[in-house]
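Here is a protein chain to explore step by step. Keep the structure in view as you read.

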Amino acid sequence: MFVQVCLYFYCKCLWRCLKFVVRKLTGRCELQRICYNTKPGAARTMKIEASLKGSKSKRLQTSVSVHPDAIEKTIDDIMELKRINPDINPQLGVSLQACLLQIVGYRNLVAEVEKLRREPYDSENPQHEEMLLKLWKCLKPNSPLKARISKQWCEIGFQGDDPKTDFRGMGLLGLYNLVYFAEWDTGIAQQVLSDSLQPKYSQFNKAEWEKKKFDKAIGYSFAIVGINITDLAYNLLVSGALKTHFYNVAPEAPTLTHFQQTFCKLRAERGGL
């Protein structure tokens, strides 16, 4: 244990010394080297994020969690702290701003998604009810819902006659994602729903059935699987596993729409899991 601690401090000190030497040789700080030598996207943003978090300066460490409206001032503070002349390095400020927008945006997206996840479905809330009915209309446009409490909900993969009980795990986030999928890519959503419906045994002879059931998963609950995939996407987001994807696809701050589009891709690709 003592050896590991000594090794840690040795490497840390060695790394700081190396950074100091490189700055003297190149005339550029680490942030400058990253911005000038790394293409825009996830690679650059993640290096900037690691550099700021690993800085010995508290001002730099906290820059990754500022309010979006304070990013411009934060860039000025960074330039001043690093003794960088913005007139000589105009592009640096632009690059740092883009990176900070993504970093702060990801943090805020996690908070927004978490808030939706924690909000329970409320059947007394007209907006919640409207969203639920919209889900039915998108998926079953030619089959009117006969009643709010109905066994028809099982046709789109809910477990009982009132879907509100199925949203407990993911709260409103599960419903938001299902509705977005049904609206954003209605054709794919309806096809996935169709694929989820288990064919009757009588449609196949025994040999055909045995072969087909191993070809792909047949028969699963569309809505329940969608809520489970929401849970998967949520955990990927919170763990930071989606940073690379979002930093590449979102030129500025990633939004709830980016998260929902990621859910849609997972939903279309994974079928019944």
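Which residues have the most contacts inside the largest nonpolar core? They are Ile-48, Leu-135, Phe-158, Leu-175, Leu-178 and Phe-259, in a core of 65 residues. A nonpolar core is a set of buried Ala, Val, Leu, Ile, Met, Phe, Trp, Tyr and Cys residues joined through side-chain atoms within 4.5 Å. Buried means under 20% relative accessible area, exposed means over 50%, and partly exposed lies in between, using a 1.4 Å probe and protein chains only. Helix α6 gives the largest share of this core, 10 residues.

A word on the model itself. It is predicted: local features need pLDDT of at least 70, side-chain atom pairs count only at pLDDT 80 or more, and totals for chains, interfaces and linings use all residues. Residues are numbered from 1 along each chain as its sequence is written, and side-chain values use heavy atoms, with hydrogens and water left out.

Now take the whole chain. It holds 13 helices and zero strands. Helices (H or I, at least four residues) and strands (E, at least two) are DSSP runs, numbered from the N terminus. The chain has 273 residues, and 41% of them count as buried. Contact means heavy atoms within 4.5 Å. Take the contacts with a separation of 6 or more: residues 24 or more positions apart account for 64% of them.

Phe-259, one of the core residues with the most contacts, shows what such contacts look like. Leave out residues up to four places away in sequence, and Phe-259 touches Leu-109, Val-113, Leu-173, Asn-177, Ala-233, Tyr-234, Leu-237 and Phe-246.

Next, look at helix α8, residues 171-184. How many of its 14 residues are buried? The count is 11, so α8 is mostly covered by the definition of buried. Among them are Leu-172, Leu-173, Leu-175, Leu-178, Val-179 and Phe-181. The length of α8 fits too. The expected span of a helix is 1.5 Å times one less than its number of residues.

Helix α8 has a partner in α6. Their axes come within 3 Å and cross at roughly 105 degrees. Axes are lines fitted to C-alpha atoms, for helices over the stretch in contact, and angles run from 0 to 180 degrees between N-to-C directions. Angles under 35 degrees count as roughly parallel, over 145 as roughly antiparallel, 65 to 115 as roughly perpendicular and the rest as oblique. Val-113, Leu-116 and Arg-117 of α6 meet Gly-171, Leu-172, Leu-173 and Tyr-176 of α8. By class, this contact has five nonpolar residues, one polar and one charged. Ala, Val, Leu, Ile, Met, Phe, Trp, Tyr, Cys and Pro count as nonpolar, Asp, Glu, Lys and Arg as charged, and the others, Gly among them, as polar.

Turn to a second pair, helix α2 (residues 30-37) and helix α3 (residues 42-53). Their axes come within 10 Å and cross at roughly 175 degrees. That makes α2 roughly antiparallel to α3. Glu-30, Leu-31, Ile-34 and Cys-35 of α2 make the contact with Arg-44, Lys-47, Ile-48, Ser-51 and Leu-52 of α3. Here the classes are five nonpolar, one polar and three charged.

Helix α3 has 12 residues and reaches 16 Å from its first C-alpha to its last, close to the 16 Å expected. Its buried residues include Arg-44, Ile-48, Glu-49 and Leu-52. The buried residues of α3 pack against α2, α4, α5, α6 and α12.

Helix α5 contains Leu-81. At 33% relative accessibility, Leu-81 counts as partly exposed. Beyond its neighbours within four places in sequence, Leu-81 is in contact with Ser-57, Arg-59 and Leu-60. Leu-81 and Ser-57 are 24 residues apart in sequence, yet 9.1 Å apart in space, C-alpha to C-alpha.

Finally, visit two loops. Is Arg-83 buried or exposed? It counts as exposed, at 77% relative accessibility. Arg-83 lies in the loop between α5 and α6. Its phi is near 55 degrees, a positive value in a residue other than glycine. Most residues other than glycine have a negative phi. Gln-159 sits in the loop between α7 and α8. Gln-159 is exposed as well, with a relative accessible area of 61%. Its C-alpha atom is separated by 7.9 Å from that of Ser-221, 62 residues apart along the chain.
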